[in-house]
Amino acid sequence: MDGAAATTAIKFVRDRGLDHAVEREKNLLPLLNVKNLIKSEPSKSLPISIIAQNKDSFKIPSRPIEFIRKYPSVFHEFLPGGIGIHPHIKLTQEVLDIDADEHLVYESDSYRQLVADRLLKLLMISRMNKIPINILDKLKWDLGLPQNYLKTLVPDFPDCFRVVGSNDSGQLELVCWSDELAVSILEKKAMEGESGYSKGMPLAFPVKFSKGFEMDKKVKKWWDDWQKLPYVSPYENALHLSPKTDESDKWATAVLHEILNLFVARKAERDDVLCIGEYLGIRSRFKRVLLHHPHIFYLSSKIGTYTVVLKEAYKRGLLIENNPLMNIRNRYLHLMHTVREHGKDISMSSGTNQEKKAASNASKKEAGDDDSEEENNGVSVTFSGSETENGDSDEEEDRFKGGRGSSREAVAVSRRRRTTTTRRSKRNNGDLKTHLGDGECERAMGRRHSRTKPKVPQPLNASTNVHRRSQQRSSS
């Protein structure tokens with residue numbers, strides 16, 4: 001059974017844990033792009049119009065002002081001098097603290113050596129031992145490179161690599177091959193074990209089958225035979241192998257497996273993976289690998305694009321290996337989904353409907369039919385329908401107490417509630433007139449009011465008092 005036949009027999013099974021791992025970082029990169037732009041300004045603030053100009057290059061998924069207001073724990077919106085027309089954005093102290101720690105990670109000697117090793121290994125995998133700068137820029141986020149790595153990192157490792165060519169067609173070139181680093185992660189683990197592995201021996205890829213995955217006998221036999229094929233290192237040139245053979249398929253799998261292990265999060269967008277594959281001359285082989293081996297590489301479509309995830313690197317949707325840069329990114333994620341309500345920090349889970357329910361329930365006391373929303377410095381506060389009808393002005397003042405212009409907001413909310421109640425009353429009366437005639441409507445309205453009309457005791461006149469006294473004497 002060949003690989004093409006196996007592809008038709010293998011069914012894709014969705015993995016919720018890996019989908020969540022992809023979805024939770026959905027807006028992290030555009031948020032950090034905006035953060036870095038604001039931080040680069042001398043005033044440490046920017047008008048929203050400048051951010052809007054970079055919407056496409058920063059991959060901001062919505063209107064910039066909506067994106068900014070979605071994360072009030074990261075961005076602070078203000079009017080300069082109190083009279084500005086366009087709002088300006090600056091960073092909160094919480095995100096500045098994380099940014100300072102991120103800078104320390106990038107500047108540490110251990111991390112700089114780790115990033116240099118990643119670049120060196122990628123250069124040794126690539127053909128001609130060169131990689132165009134524009135491709136490295138695409139992979140900068142995945143490789144965990146500093147912002148200005150060509151000036152702050154590359155010159156410090158002249159024995160490893162150097163930049164050649166002009167700015168438009170520049171390339172990063174390998175200076176010295178390293179036999180110590182030209183060992184794949186799979187070979188390294190095998191050598192550390194007790195299997196007595198040596199180059200050229202079969203090596204099986206670690207696999208994780210998603211829940212519900214099934215494999216028939218023919219595919220199982222093909223897979224077992226494929227795992228027993230000799231392992232060709234990704235640092236060896238195997239382009240001489242026929243592109244459609246299982247041997248070539250296993251080598252291409254080894255290359256993709258090693259590249260994903262060089263990435264910080266052990267995942268990357270499929271377009272970026274295919275981009276480096278095209279430069280290596282094995283783009284079509286990468287495509288076949290993703291189709292043939294969904295138990296090694298998971299393809300998620302949760303954020304509007306396809307993301308390739310190395311399955312063995314995750315457990316229950318979380319990255320297994322501890323990484324200093326991923327720890328920083330997780331702190332950013334935590335801050336992104338933290339909102340302040342009533343002076344307290346509330347952490348919200350990301351990427352699921354639970355986040356929306358939690359955000360709604362945090363500000364509701366009862367369920368109602370008509371909800372009204374007010375925004376206070378970018379934080380949405382929801383009132384239930386029962387509160388709207390009752391019009392508890394004291395509670396409104398407490399809710400907005402301490403906020404800027406709180407009294408005006410409370411009055412505005414109270415007016416909106418009265419307007420809502422009036423409109424609801426008119427709408428109900430109009431519906432009643434539509435279904436009933438004028439006379440029937442008046443009678444129905446009269447019956448409706450009579451149900452709720454309070455009973456008032458009638459005053460007693462003199463004749464009534466005389467009549468009651470005569471009844472009491474006769475009974476006695």
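First, my polar contact rule: a pair of N or O atoms within 3.5 Å, where within protein one must be able to donate a hydrogen and the other to accept it, and residues adjacent in sequence count only if both atoms are side-chain atoms. The model is predicted, so I kept local features to pLDDT of at least 70 and side-chain atom pairs to pLDDT 80 or more, while totals for chains, interfaces and linings use all residues. Residues are numbered from 1 along each chain as its sequence is written, and side-chain values use heavy atoms, with hydrogens and water left out.

**Entry 1: helix H13**

I started at the N-terminal end of H13, which aspartate 216 caps: a side-chain oxygen sits 3.3 Å from the backbone nitrogen of lysine 218. Helices are DSSP runs of H or I with at least four residues, strands are E runs of at least two, and both are numbered from the N terminus. H13 covers residues 217-227, and I found Val219, Trp222, Trp223, Trp226 and Gln227 buried there (buried is under 20% relative accessible area, exposed over 50%, partly exposed in between, with a 1.4 Å probe and protein chains only). Why do they end up on the same side of H13? Because they cover an arc of only 135 degrees around the axis, taking the directions from the helix axis to the C-beta atoms. Exposed Lys217, Lys218 and Lys221 are on the face turned away from the buried side of H13.

**Entry 2: helix pair H7 and H17**

Next I checked H7 (93-107) against H17 (324-336): their axes come within 10 Å and cross at roughly 170 degrees. Axes are lines fitted to C-alpha atoms, for helices over the stretch in contact, and angles run from 0 to 180 degrees between N-to-C directions. H7 and H17 are therefore roughly antiparallel (over 145 degrees; under 35 is roughly parallel, 65 to 115 roughly perpendicular, the rest oblique). Among the contact residues (heavy atoms within 4.5 Å) I noted Ile98 and Val105 of H7, plus Ile328 and Leu335 of H17.

**Entry 3: two arginines with positive phi**

Arginine 266 has phi near 55 degrees, positive in a residue other than glycine. I placed arginine 266 in the loop between H14 and S7. Arginine 316 also isn't a glycine, yet its phi is positive at about 55 degrees, and it lies in the loop between S10 and S11. Which are they, buried or exposed? Arginine 266 is buried at 10% relative accessibility, whereas arginine 316 is exposed at 80%.
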